[in-house]
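Reader: I'm new to this one. Could you walk me through it and tell me how you know each thing you say?

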Amino acid sequence: MMKLNASDERRALIIGGSLGGLFAGNLLRQIGWDVDIFERSVHDLDSRGGGIVLQPEVIEVFRRAGLDIRTVDLGVRSKYRTVLQPDGSIESKHFAPQTQTSWSLVYTTLKAAFGDRDYHQAKTMVKIDQDPEAGTVTAQFEDGTREMGDVLIGADGGDSVVRRQFWPTMRPTYAGYLAWRGLLPEDAMPPAARQMLHEDFGFANNEGSHILGYLVPGEHNDVHPGHRLYNWVWYRVADERLLEQIMIDRNSRPRGYAIPEGLLADRWVEHLRREAENLLPVPFREVVEATTRPFAQAIRDLASDHMVVGRVAIIGDAAAIPRPHTAASTSKAATNALALADELQASPKDVPAALARWEPPQVALGKHLRQQGSQTGNYLLCHRPPLGEIG
């Protein structure tokens with residue numbers, strides 16, 4: 001059933017119920033908007049997922065959403081950044097305290113804060129219509145239902161349906177390498193890995209290879225020692241032909257750009273372990289070999305030239321996909337949502353004006369992160385220094 005707005009209440013339709021959608025949903029509700037989130041998945045998105053470096057923008061969303069962060073343990077703290085040589089010796093170690101969290105912890109915390117009443121699952125959006133004279137935007141869904149609001153926010157990820165409708169030529173491009181990933185129970189870390197990597201944020205480089213790892217919250221977001229997970233990410237160059245083969249899962253289903261945990265085909269698990277033997281220092285090699293359910297993700301680039309059309313805006317990965325080296329994908333989505341809430345609060349009766357002010361700095365942020373991530377990735381994987389540092 002389509003909701004009707006009271007004259008003094010604005011309604012936001014959010015397409016996508018992952019982190020970007022939950023950032024925006026919680027923040028807009030706090031400034032007095034009626035908010036509904038529409039997620040295409042039938043099930044909760046909660047999973048063990050992967051690690052995230054906790055950034056100030058995410059903490060600020062928690063604070064504004066009314067969460068008492070003093071009572072919530074948001075992650076696992078590390079003190080040192082340790083870089084290993086290919087032979088396993090320490091290249092460098094320096095004091096760099098930070099907190100690592102997990103996708104699951106952020107998602108479940110925000111989902112609980114938003115609640116279930118206005119979070120609608122199994123809702124696949126197929127089309128958006130705008131009526132400038134009435135000042136409304138309407139989303140049509142695959143099940144035949146329609147929802148009308150004052151603003152629509154596309155937070156539906158890198159393959160955004162919202163972006164595709166309005167800017168069909170803005171598509172993610174493959175960066176030329178992928179990330180093998182894994183999660184290993186802390187107590188299952190082999191001896192060399194525990195000795196060299198356990199409490200640190202670790203790194204190691206080789207030709208066409210860059211790996212990092214750190215502890216994150218474990219099952220049920222448990223951050224207590226002995227219950228955490230070791231999260232590792234190994235970047236390896238791969239041409240598009242090889243990527244296409246890797247992205248066919250163990251059930252022979254093409255997966256596009258990501259293989260979920262437990263669905264990587266056996267041939268690629270064996271390939272991963274052979275490469276670990278040849279390229280990784282012993283502590284990281286042991287971690288990779290001990291991981292029973294590795295998964296994979298293609299690294300893609302996107303930085304949209306536009307994020308607003310009428311009363312529609314896109315945020316998070318729908319608008320820009322920074323490479324993971326920036327540690328900014330989640331924080332960028334939080335930044336988009338924080339700024340959007342600020343502008344809508346400043347102009348509650350003029351949504352187009354608010355979006356027009358909001359768009360330029362957000363587009364600039366996406367382009368800056370794309371440049372930063374590309375330069376970092378090219379240097380780490382291809383040993384190409386950033387422009388201006390050659391010679």
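What follows is a chat about the predicted model shown above.

Reader: Let's start with the whole chain. How do you know whether its radius of gyration agrees with that of a compact globule?

Author: With 391 residues, a compact globule would have a radius of gyration near 21 Å, and the chain has 22 Å, so the two agree. The C-alpha trace spans about 65 × 45 × 45 Å along its principal axes. The chain has ten helices and 19 strands.

Reader: What share of the residues is buried?

Author: Buried residues make up 53% of the 391 in the chain. As for the surface, the chain exposes about 17,700 Å², with carbon and sulfur atoms supplying 50% of that.

Reader: And how much of the contacting comes from residues 24 or more positions apart?

Author: Among contacts with a separation of 6 or more, such residues account for 68%.

Reader: Now helix α3. How do you know whether its length agrees with what you'd expect?

Author: Helix α3 covers residues 103-114, which is twelve residues. At 1.5 Å a residue they should span 16 Å, and the end C-alpha atoms are 16 Å apart, so the length agrees.

Reader: What makes you say how far α3 is enclosed by the rest of the structure?

Author: Nine of its twelve residues are buried, so α3 is largely enclosed by the rest of the structure. Among those buried residues are Trp 103, Leu 105, Tyr 107, Lys 111 and Phe 114. What covers the buried residues includes α1, α2 and the strands β2, β3, β5 and β6. Just after the helix, Gly 115 takes a positive phi of about 90 degrees.

Reader: On to Thr 330. Where is it, and is it buried or exposed?

Author: Thr 330 is found in helix α9. Its relative accessible area is 15%. Buried means under 20%, so Thr 330 counts as buried.

Reader: Which residues is Thr 330 in contact with?

Author: Leaving aside neighbours within four places in sequence, Thr 330 is in contact with Leu 19, Phe 23, Ile 52 and Val 58.

Reader: Let's do salt bridges. Why is the pairing of Asp 73 with Arg 77 called a salt bridge?

Author: The cut-off is 4 Å between a side-chain nitrogen of Lys or Arg and a carboxyl oxygen of Asp or Glu. For Asp 73 and Arg 77 the closest N and O atoms are 3.8 Å apart, which is within 4 Å, so the pair counts as a salt bridge. Asp 73 has 39% relative accessibility and so counts as partly exposed, while Arg 77 has 58% and counts as exposed, since exposed means over 50%.

Reader: What about Lys 127 and Asp 129: how far apart are their closest N and O atoms?

Author: Those atoms are 3.9 Å apart, and the two residues form a salt bridge. Lys 127 is partly exposed at 41%, and Asp 129 is partly exposed at 26%.

Reader: How far apart are N and O in the salt bridge of Arg 357 and Glu 343?

Author: The distance is 2.7 Å, N to O. This pair links distant parts of the chain: Arg 357 sits in helix α10 and Glu 343 in helix α9, 14 residues apart. Arg 357 counts as partly exposed at 36%, and so does Glu 343 at 21%. Elsewhere, salt bridges that share partners join Glu 60, Arg 63, Arg 64 and Asp 342 into one network.

Reader: How many salt bridges does the structure hold?

Author: The structure holds 23.

Reader: Last up, strands. How do you know that β4 and β12 pair?

Author: Two strands pair if there are at least two bridges between them. Four bridges join β4 to β12, so they pair, and they run parallel.

Reader: In which sense do β12 and β13 pair?

Author: They pair in the antiparallel sense, over five bridges. Asn 205 stands opposite His 210 in β13. The two strands form a hairpin with two residues between them, and Gly 208 in the turn has a positive phi of about 65 degrees.

Reader: And Asp 143: where does it lie, and what is its relative accessibility?

Author: Asp 143 lies in the loop between β8 and β9. At 46% relative accessibility, Asp 143 counts as partly exposed. Its C-alpha atom is separated by 24 Å from that of Trp 167, which is 24 residues apart along the chain.

Methods. Residues are numbered from 1 along each chain as its sequence is written. This is a predicted model: local features need pLDDT of at least 70, side-chain atom pairs count only at pLDDT 80 or more; totals for chains, interfaces and linings use all residues. Side-chain values use heavy atoms; hydrogens and water are left out. Buried means under 20% relative accessible area, exposed over 50%, partly exposed in between (1.4 Å probe, protein chains only). The radius of gyration is taken over C-alpha atoms; the globule rule is 2.2 Å times the number of residues to the power 0.38. Contact means heavy atoms within 4.5 Å. Accessible areas come from the Shrake-Rupley method with a 1.4 Å probe; for residues, only the protein chains shown count as cover. The expected span of a helix is 1.5 Å times one less than its number of residues.
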